Structure formats: structure tokens, C-alpha cells
Amino acid sequence: MSARDVFIDGAWESGEGVAFESVCPATGAVSWSGHGASPQQVVRAVTGARAAFDHWSVEPRQRRAEILVRYRDQLAARKSEIAETISRDMGKVLWDAAGEAGAMIGKIDLSSAAQSERAGTKETEAAFGRLQLDHRPHGVMAVFGPFNFPGHLPNGHIVPALLAGNTCVFKPSELAPAVANIMIECLVEAGLPPGCLNLVHGGRDTGAALLESDLDGVLFTGSAKTGIAFHRHFAGRPEIILALEMGGNNPLVAWPPCDAAAAADIIAQGAFLTTGQRCSCTRRLILPEGKWGDDVLSAVAARAEAIRIGPWSDETAFMGPLVSAQAAVAACTFQDMLMARGGRPVVALTQQEPGLGFVSPGIIDVTEAQDVPDEELFGPLIQVTRVATLEQAFARANATKYGLAGGVVCDDDEVWQQSLVRMRAGILNRNRPTAGASGALPFGGSGLSGNHRASAWYAADYCAWPQASQVAPKAARMQAVGFPE
Ligand code: NAD
Ligand code: SIN
């Protein structure tokens with residue numbers, strides 16, 4: 001039997017590209033090994049998707065939806081296997097991976113409902129006949145996934161794309177490739193026709209070959225650096241639908257009146273969930289000067305010091321490792337840079353074990369620091385700034401080129417109302433962690449966090465184009481100046 005590196009036109013193949021493996025950052029064990037797709041295989045995958053589009057796009061909506069409901073049931077039947085596969089591959093703790101598997105299952109019903117609301121059909125009677133609105137699929141979509149939600153986030157593009165009648169070529173993250181094979185198996189069991197979803201494993205070379213191929217769209221979730229490169233790649237090609245979901249440097253303003261312990265819980269959850277590897281994690285905490293701010297900071301520090309860190313199999317651990325030992329070293333280097341620029345450690349982030357991904361959570365007070373770069377550090381590190389006024393708090397919160405998530409922790413309704421209009425963030429929560437998005441809402445941000453193609457509830461929007469028709473039942477003569485009687 002061939003290896004399961006590539007899935008084209010309903011058949012598994014060995015990859016003919018570069019060999020690679022994924023290593024569990026909690027144990028150092030190899031969790032996946034195989035070969036990436038060669039450029040020729042990528043072309044065949046796209047050609048297969050294009051051929052499949054001809055029939056999939058004209059299937060009745062109901063039939064496509066039925067197949068996806070069966071996919072949902074397949075995912076549900078393999079939920080614990082999916083969770084463990086994700087944990088072993090990228091290290092997140094099992095309860096967190098089970099949450100991801102649950103979100104993958106929930107995505108099907110949410111996407112169907114969203115499609116009806118955002119990209120369904122509409123008819124209105126007009127004087128001459130009817131105004132009619134429907135939506136059509138784009139064609140062949142390349143789907144790129146990130147490592148932090150290797151199942152949920154590509155699934156969040158693939159499900160609405162297939163529902164709308166597109167076909168896809170999926171390039172999973174090379175840091176967490178394993179769950180993609182289970183997704184394919186579940187869709188095959190569900191009866192998805194060959195060619196509708198093709199899989200090409202591999203790293204950037206495979207991704208680059210996919211970008212060069214004959215696509216109608218790219219649905220991407222990943223870093224701003226990669227998203228910007230993709231945007232440049234397609235410059236001058238408005239016919240390509242490009243949905244970019246990227247990172248953030250997310251602020252949270254905590255302000256009295258509010259219980260300091262409750263504020264600390266919300267802040268620590270939002271910053272340290274999934275070891276800080278959610279795009280919506282709190283990166284920058286803005287606190288008032290004075291005793292209330294001191295109390296909140298001490299309480300967040302107490303939580304950072306108490307957090308239990310462990311391998312995915314440890315049911316009592318809140319945080320697993322970062323995705324790799326290199327990511328752990330990069331987090332320490334980032335913290336060193338902040339301190340070299342005047343940051344003061346409240347709780348220092350430290351790498352726990354050389355060669356693995358474990359780090360402890362950190363908090364750095366950057367109030368006096370100079371030239372702090374506006375960069376996303378994808379790990380459990382909070383940068384704290386103390387300010388004198390709410391005005392200054394909003395100014396600091398908005399001092400970023402990103403605009404993904406933000407938070408306000410405060411019991412005063414007036415502060416919340418001001419925050420809504422003053423803080424620039426696509427996801428802006430009150431007295432809730434910044435991380436832990438709802439699939440029943442749009443997910444996307446302003447600035448460098450995306451290109452205004454929000455995902456989740458709004459994914460239906462970028463998966464189909466509207467077709468508007470004025471329909472008269474019979475051709476009738478029209479009167480116009482100069483026309484013959
Ligand atoms: P990444 O940008 O490194 O990789 C994402 C995907 O793009 C991978 O499949 C990768 O192989 C591919 N890729 C990377 N460089 C490429 C290139 N030059 N050519 C072709 N393909 C390329 O992202 P990551 O490190 O896997 O994920 C973490 C990032 O994703 C963080 O910045 C995080 O904020 C962001 N993210 C955003 C959201 C969101 O919805 N806004 C959600 C999750 C993660
Ligand atoms: C993410 O997509 O990285 C985060 C989603 C969330 O807010 O949990």
C-alpha cells in the first residue's frame with residue numbers, strides 16, 4: 001500500500017516531494033512522517049479538483065449538505081482519536097484538543113445555518129416580475145491551515161467552501177499534518193465524490209507550488225508574514241478570491257470598577273490558553289496606575305506562577321508546550337529583547353527543558369521600555385503597560401498595525417460603550433477572555449490581521465459570489481424614446 005501523503009481524485013499516493021516529519025514538542029517522539037507532494041502532484045490535485053467542480057457545483061444544495069452532515073457524524077464517531085492525534089502532533093493538552101475536535105463537529109451545522117442566512121436565495125416581486133438573488137461557487141479553492149488549530153481552522157474553510165459547491169485542495173501545516181488524513185477519511189466515508197477535496201502535504205515548497213497552480217481562490221489562516229506574501233503574489237488578480245486570516249498583537253484594557261481577582265482570571269485565561277498559541281490571545285495588558293492596577297497585576301502574576309504545565313496526557317495540566325523547541329527558544333529571545341529595551345520582568349518566561357517546547361508563562365512590564373516592536377509573539381507572554389487615564393489606555397490599545405482581538409474588563413457600562421467605538425478590533429469582548437471565539441459570530445480583524453474577509457459565521461460570504469437577476473416571465477415589448485412603436 002502506498003503511503004498516505006497525498007490524496008488526489010479519491011486515491012491515496014506516496015508523496016514525491018521532500019521528506020519531512022512532525023515531532024511532538026512534549027515528548028520528542030515523531031508523530032507523522034512522510035513526503036510532501038511534488039509540484040506535479042500539486043498540479044494533478046488542482047486538475048482533479050477542477051474536473052470535480054463541474055458536477056459538485058451543480059449538485060442540489062441539499063445533497064451537498066447531506067454529505068456534510070454525514071461527515072459531521074464521522075467526525076463525532078472519531079472525536080477522541082482526532083483529539084489525541086492533534087495533541088500528539090502539536091502538543092496541546094488533551095482537553096484543549098477535545099475542544100478543537102468539538103468545534104470541528106459543530107462547524108457543519110453552523111456553516112449550513114450561516115450559508116442560509118448570508119449566501120442563500122431571495123425572491124422579491126417587482127412591477128415587471130421578480131427580483132431574484134442566488135449565490136454561485138467560485139471554483140477551485142486552495143486551503144492553507146496553521147499549526148495551532150490544525151483541524152478546526154482549515155475545516156472552517158473547507159466545510160463552507162464545499163457546502164457552497166467549490167472544490168478544494170488542502171495544504172495542512174507541516175508542523176501538525178496528521179489530523180488532515182482523518183478529515184479526508186471521514187469525508188470519504190461520508191460519500192464525498194472523488195476530486196472534491198484533495199490533500200497535498202508538505203512545507204512551503206508545496207505551498208508555493210499550490211499558489212502557482214490554476215486556482216480560483218485561496219483560503220488562508222496563518223501568520224501576517226505569510227498572508228502578506230500571498231497578497232503580493234496575487235496582486236493585480238482581482239478575479240482570485242483571497243481570504244486572509246492572520247495574527248494580532250491583541251490588547252486588553254482592565255479598568256476599575258471590577259473585582260481584581262475576576263479580572264486576573266479573565267486576563268490569564270485569555271493570555272495563556274493553548275500556551276498563548278491562539279491568534280486571539282491577549283498579548284498586551286493595559287492597566288491603570290495605582291493600587292487597583294497593582295492588585296490585578298499581582299493576581300495575574302500569581303496565576304502565571306501557579307499554572308500547571310505538562311504533556312498532553314496530563315489531565316491536570318492547563319498548558320502544554322509550544323509547538324517546537326525552536327518556538328520555545330524564540331519566545332525567550334523575544335523576552336530578552338523586551339528586557340534589553342527597558343522591560344521589567346514581573347514573572348519571567350523560561351524554557352523548561354532543552355530540546356522540547358515547554359515554557360512557563362511570562363509577564364513583562366514595558367511601561368518604561370523604548371522601541372517595543374509591534375509584533376505578535378505566539379506564546380504565553382504578556383506585555384503590561386501602566387497608564388494614567390482611560391484616554392491613554394485606548395491610545396495604547398490602538399497603537400498596533402493589527403486589529404484582530406481586544407478586551408475590556410470593567411463593570412462600568414459607560415467604559416464599555418466608549419470602548420466599542422474607540423477600540424479597533426474585529427473581536428472585542430467585555431469581561432470575557434480575548435481568546436475562545438464563537439463560531440456563531442464572524443471572526444476577523446482590521447489592519448494587518450486580515451483582508452476584510454472575516455471567517456466563521458461570515459465564511460459563507462467568501463465561499464460564493466452573488467448572482468442577481470431581474471426576471472420577467474415572458475418577453476414583452478419595451479417603450480423607449482426613439483424605439484419603433
Ligand atoms: P504560517 O503562516 O507559518 O503557516 C500557515 C500555512 O501557510 C502553513 O500551511 C504553511 O506551510 C504555509 N506557508 C507558510 N509560508 C509559506 C510560503 N512562503 N509559501 C506557501 N505556503 C506557506 O502560520 P503558523 O505559524 O502555522 O500559524 C500561526 C499563525 O497563524 C499566527 O500568526 C496566528 O496568529 C495565525 N492564526 C490566525 C488565525 C485567524 O483566524 N486570524 C487563527 C489561527 C492562527
Ligand atoms: C484562533 O483561531 O487561533 C483562536 C480562536 C479563538 O479565539 O479561540
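This is a predicted model: local features need pLDDT of at least 70, side-chain atom pairs count only at pLDDT 80 or more; totals for chains, interfaces and linings use all residues.
**Two ligands and their surroundings**

Residues are numbered from 1 along each chain as its sequence is written, and chains are lettered from A and ligands numbered from 1 in the order in which they are written.

A polar backbone atom of Cys279 lies 2.8 Å from an oxygen atom of ligand 2, and Arg278 brings a polar side-chain atom to 2.7 Å from an oxygen atom of ligand 2. On its own, ligand 2 has 260 Å² of accessible area (Shrake-Rupley method, 1.4 Å probe), and the protein covers 94% of that. Which residues are around ligand 2? They are Asn148, Phe149, Leu153, Arg278, Cys279, Ser280, Ala435, Gly436 and Ala437, each with a heavy atom within 4 Å of the ligand.

Now move to ligand 1. It is surrounded by 27 residues, and the closest are Lys171, Glu174, Thr226, Met246 and Glu376. Two of these names return when we look at single atoms. A polar side-chain atom of Glu376 lies 2.5 Å from an oxygen atom of ligand 1, and for a polar side-chain atom of Lys171 the distance to an oxygen atom of this ligand is 2.6 Å. Gly145 takes part through its backbone, with an N or O atom 3.0 Å from an oxygen atom of ligand 1. The protein covers 89% of the 840 Å² of accessible area that ligand 1 has on its own.

Which element gives the most to the shell around ligand 1? That is α7, with three residues. Helix α7 (204-211), β10 and α8 each supply at least two residues of this shell; helices are DSSP runs of H or I with at least four residues, and strands are E runs of at least two.

Rings of Phe, Tyr and Trp (its six-membered ring) pair if their centres lie within 6.5 Å, and the planes count as stacked under 30 degrees, edge-to-face over 60 and tilted otherwise. Phe220 and Phe230 are both buried, and together with Phe144 they form one aromatic cluster.

Finally, visit two single residues. Ala263, in helix α9 (residues 260-272), counts as buried because its relative accessibility is 0%; buried means under 20%, exposed over 50% and partly exposed in between (protein chains only). Ser455 lies in strand β20 (residues 455-456) and also counts as buried, at 9% relative accessibility. The side chain of Ser455 makes a polar contact of 2.9 Å with the side chain of Tyr462.

Definitions and conventions. Side-chain values use heavy atoms; hydrogens and water are left out. Buried means under 20% relative accessible area, exposed over 50%, partly exposed in between (1.4 Å probe, protein chains only). A polar contact is a pair of N or O atoms within 3.5 Å; within protein, one must be able to donate a hydrogen and the other to accept it, and residues adjacent in sequence count only if both atoms are side-chain atoms.
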